[in-house]
Amino acid sequence: MRDAGKKYEGSQVSSYTEWDPLEEVIVGILDDARFPQWHPSLEPVIPTQQHETFRQRGGEEFPPEIVKAANEELEEFVRILEGEGVTVRRPEPIPQGQLYSTGAWATTGMYAAMPRDTILVVGEKIIECPMAWRSRYYENLAYRPLLKEYFHNGAQWIAGPKPELTDEMFDLDWKEPAEGEPTRFAITEFEPTFDAADFLRLGRDIIGQKSNVTNEFGIEWLRRTLGDEFRVSVFEFNDTHPMHIDATLAPLAPGKLLINPERVPEVPKMFRNWEVRAAPAPIMPDAQPLYMTSKWINMNILMLDEQRVIVEAQDEPMIQFFKEWGFTPIPCNFRNFNSFGGSFHCATLDVRRSGSLETYVD
């Protein structure tokens with residue numbers, strides 16, 4: 001709930017890194033969660049074994065038993081965060097099954113489960129992202145009551161150019177590139193699009209990637225919008241189906257970087273003075289349905305500060321890994337939520353972290 005009448009020194013929104021002490025966070029919801037209607041842009045990023053499911057069930061609700069189990073995990077997650085002293089906010093449910101149209105196309109929605117995808121916080125600025133999936137066109141509306149509040153409490157609130165998402169935006173003939181060929185993206189450079197989850201914040205440095213939802217046009221729009229106060233660096237990884245960077249790299253604290261050993265054969269030079277460790281292999285059983293992600297979602301952790309880290313409760317190798325590295329892992333059950341394409345980092349948007357703008361890399 002809103003802390004009515006609370007006064008903030010500066011802005012209620014203030015977050016420069018992935019690790020400064022977390023004070024306020026938005027946690028997503030799964031109300032009315034639905035399979036997105038099938039579109040060629042989904043093909044490169046939806047697991048192959050799920051393609052037929054999405055083609056047949058687009059617009060339908062996700063299985064209610066998985067939604068129920070994931071909602072229980074979300075409530076556990078909220079209790080843990082509040083127990084650790086973090087203020088938790090939630091978006092408002094919006095009807096995902098309602099058909100909406102721009103005139104050029106029509107579709108249903110998906111969910112408001114992953115605020116990390118749709119909104120980017122850089123310092124005191126909160127940015128609504130111009131997303132590339134038609135099913136997520138109006139997803140930001142679930143967060144509008146919060147965005148209004150944050151604006152009234154000092155935040156800068158802007159939105160990326162609302163995309164048309166006409167057929168010119170997509171490579172409708174996308175095919176899997178042959179071995180040795182460059183990555184082929186599902187989107188074109190017709191207009192700027194990006195998801196916030198393709199970027200990570202390290203103080204003055206923002207690191208990102210081009211992906212199947214984030215194009216060069218969108219990256220350049222973000223670079224110019226943030227201005228000279230920030231450096232936006234773009235990297236390419238060993239990932240032929242890129243979408244979101246936060247299961248590839250995870251900056252945990254100043255000088256400590258977690259990497260995906262399959263996707264990061266060479267660590268970017270900007271981290272040459274950092275301690276870099278490879279994440280343990282995921283142990284998620286094959287029986288767990290993963291509609292929109294790989295098992296490497298186990299890397300999608302959330303730092304509460306430079307010491308405490310939220311980790312999936314059944315991922316014993318990751319829990320032990322963090323203990324041995326000197327961190328304090330806090331277990332939380334999240335396997336059923338993982339089925340919907342994200343984990344703790346995806347399911348949250350850190351609105352306020354104590355800390356100031358600093359430089360952490362060369």
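Colleague: Is Phe 194 buried or exposed in this structure?

Modeller: Phe 194 is buried, since its relative accessibility is 0%. Buried means under 20% relative accessible area, exposed means over 50%, and partly exposed lies in between, using a 1.4 Å probe and protein chains only. Keep in mind that this is a predicted model, where local features need pLDDT of at least 70 and side-chain atom pairs count only at pLDDT 80 or more, while totals for chains, interfaces and linings use all residues. Residues are numbered from 1 along each chain as its sequence is written, and side-chain values use heavy atoms, without hydrogens and water.

Colleague: How many aromatic pairs are there?

Modeller: A pair of aromatic rings is described by the distance of the centres and the angle of the planes. Rings of Phe, Tyr and Trp (its six-membered ring) pair if their centres lie within 6.5 Å; planes under 30 degrees apart are stacked, over 60 edge-to-face, and the rest tilted. Here the count comes to 25 aromatic pairs. One of them joins Phe 194 to Phe 199, edge-to-face, with 5.9 Å between the centres and 90° between the planes. Phe 199 is buried too, at a relative accessible area of 3%. Another edge-to-face pair is Phe 321 with Trp 325, at 5.6 Å centre to centre and 70° between the planes. Both Phe 321 and Trp 325 are buried.

Colleague: Which residues form one aromatic cluster?

Modeller: Look for Phe 35, Phe 54, Phe 62, Tyr 291 and Phe 340, which form one cluster.

Colleague: Which ring does the charged end of Lys 162 sit over?

Modeller: A charge sits over a ring if NZ of Lys or CZ of Arg is within 6 Å of the ring centre and within 35 degrees of the ring normal. For Lys 162, the ring is that of Tyr 137, whose centre is 4.3 Å from the charged end. Lys 256 gives another example, over the face of Phe 327 and 4.9 Å from the ring centre.

Colleague: Which residues in α2 are buried?

Modeller: An α-helix has 3.6 residues a turn, so residues three or four places apart point the same way. In α2 the buried residues include Ile 66, Ala 70, Leu 74, Phe 77 and Leu 81. Glu 73 and Glu 76 are buried as well.

Colleague: How many residues does helix α2 have, and how far does α2 reach?

Modeller: Helices (H or I, at least four residues) and strands (E, at least two) are DSSP runs, numbered from the N terminus. Helix α2 covers residues 64-83, 20 residues in total, and reaches 29 Å from its first C-alpha to its last. That is close to the expected 28 Å, where the expected span is 1.5 Å times one less than the number of residues. After α2 comes Gly 85, with a positive phi near 90°.

Colleague: Which phi does Asp 32 have, although it is not a glycine?

Modeller: Asp 32 has a positive phi of about 60°. You will find Asp 32 in the loop between β1 (22-27) and α1 (51-57), and it is partly exposed at 24% relative accessibility. His 244, also not a glycine, has a positive phi of about 80°. Its place is the loop between β10 (231-234) and β11, and His 244 is buried, with a relative accessible area of 9%.

Colleague: Which strand does Thr 328 lie in?

Modeller: Thr 328 belongs to β16, residues 328-332. Thr 328 is partly exposed at 37% relative accessible area. Its C-alpha is 9.9 Å from that of Asp 305, a residue 23 places away along the chain.
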